[in-house]
Amino acid sequence: MKVKTILVSQPKPKVENSPYFELEQRQRVKIDFIPFIHVEGVSSKEVRIQKVDLNDYSAIILTSRNAVDHFFRIAEEMRFKVPDTMKYFCQSEAVAYYLQKYVVYRKRKIYVGKRTFAEMTPLVKKHKNEKFLLPSSDKLKPIVPQSLNDLGVDWKQSIFYKTVVSDLSNLENVFYDVLVFFSPSGIESLLHNFPNFKQNDTRIAVFGNTTVKAAKEAGLKIDIQAPTPETPSMTMALEKYIKEVNKK
């Protein structure tokens with residue numbers, strides 16, 4: 001069956017030159033963006049219950065822009081003035097760039113990884129004497145605590161925000177040729193909103209091994225998968241599949 005409509009379970013890209021918009025034009029398909037999950041911040045009271053005193057830490061590990069937003073939100077709620085000496089360990093350039101929203105970049109000690117958490121750990125290892133705080137969501141990839149424990153550094157995780165299932169009731173009678181997922185939480189949201197979901201002719205696209213595992217455990221048939229050596233991005237995987245099925 002040909003692909004004409006695609007639903008991406010993430011917010012619509014804010015940049016004009018997104019690969020999704022280019023894919024839409026090249027392959028003449030309609031792509032909608034609806035977040036299946038969203039983030040909600042926890043209160044400073046909930047952070048205190050986790051026995052976290054921001055004064056105790058000399059370094060912050062930031063894995064996402066959400067982590068940046070909610071760290072500074074909690075700091076403000078707790079009336080904690082973040083010292084100029086605080087060190088920031090950012091998982092990627094995108095996270096480090098976003099940090100400029102809150103700090104004067106050139107005046108702070110900021111260490112930037114390439115892309116993945118594993119690629120950032122050598123930077124953390126070089127500063128083993130720091131006390132690290134990891135502000136995170138309630139859904140933390142197992143590789144993160146495992147990697148930090150392996151390094152033997154003094155660190156603590158604290159939940160500053162939570163991943164929450166979005167209300168998708170307005171999609172009940174809307175059907176797409178392809179549903180695109182990027183996390184197990186997205187799969188969870190689909191089944192929470194539509195417990196009687198039947199895949200039928202809907203194609204499922206998934207990104208990452210944990211999402212593959214969640215989809216399979218949910219009994220879904222996976223038609224499109226990324227990253228692979230041939231298709232390292234989701235848009236490339238989608239385009240490859242669309243070209244194959246739409247030419248028939």
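Two strands count as paired here if DSSP finds at least two bridges between them, and the strands (E, at least two residues) and helices (H or I, at least four) are DSSP runs numbered from the N terminus. The model is predicted, so local features need pLDDT of at least 70 and side-chain atom pairs count only at pLDDT 80 or more, while totals for chains, interfaces and linings use all residues. Residues are numbered from 1 along each chain as its sequence is written, and side-chain values use heavy atoms, with hydrogens and water left out.

**Stop one: the sheet**

Start by selecting the five strands that form an open sheet, in the order E6-E5-E4-E7-E8, with parallel pairing. At the edges you will find E6 (109-112) and E8 (154-159); each has a single partner strand, so one side of each lacks a neighbour in the sheet. From one strand to the next, the twist averages 20°.

Now pick E4 (59-62) and E5 (87-90), which pair in the parallel sense over four bridges. Show Ile-61 and you will see it opposite Phe-89 in E5.

**Stop two: the cores**

A nonpolar core is a set of buried Ala, Val, Leu, Ile, Met, Phe, Trp, Tyr and Cys residues joined through side-chain atoms within 4.5 Å; buried means under 20% relative accessible area, with a 1.4 Å probe and protein chains only. The largest such core has 28 residues, and Leu-54, Leu-62, Tyr-88 and Leu-99 have the most contacts inside it. Two or more residues each come from E4, H3 (65-77), E5 and H4 (93-99), with H3 giving the most, six.

Center on Tyr-88: beyond neighbours within four places in sequence, its contacts (heavy atoms within 4.5 Å) include Ile-60, Phe-72, Val-103 and Tyr-111. Then move to a second, separate core of 20 residues, with Ile-6, Ile-31, Val-178 and Ile-242 among them.

**Stop three: helix H1**

Which residues of H1 (19-27) are buried? Select Tyr-20, Phe-21, Leu-23 and Gln-27. They lie on the same side of H1, because they cover an arc of only 160° around the axis, judged by the directions from the helix axis to the C-beta atoms. These buried residues pack against E1 (5-8), E2 (30-33) and H9 (234-246).

In H9, pick Thr-235, which counts as buried because its relative accessibility is 11%. Leaving out residues up to four places away in sequence, Thr-235 touches Pro-19, Tyr-20 and Leu-23. Finish just after H1, where Arg-28 takes a positive phi of about 55°.

Technical notes: Buried means under 20% relative accessible area, exposed over 50%, partly exposed in between (1.4 Å probe, protein chains only). Axes are lines fitted to C-alpha atoms, for helices over the stretch in contact, and angles run from 0 to 180 degrees between N-to-C directions.
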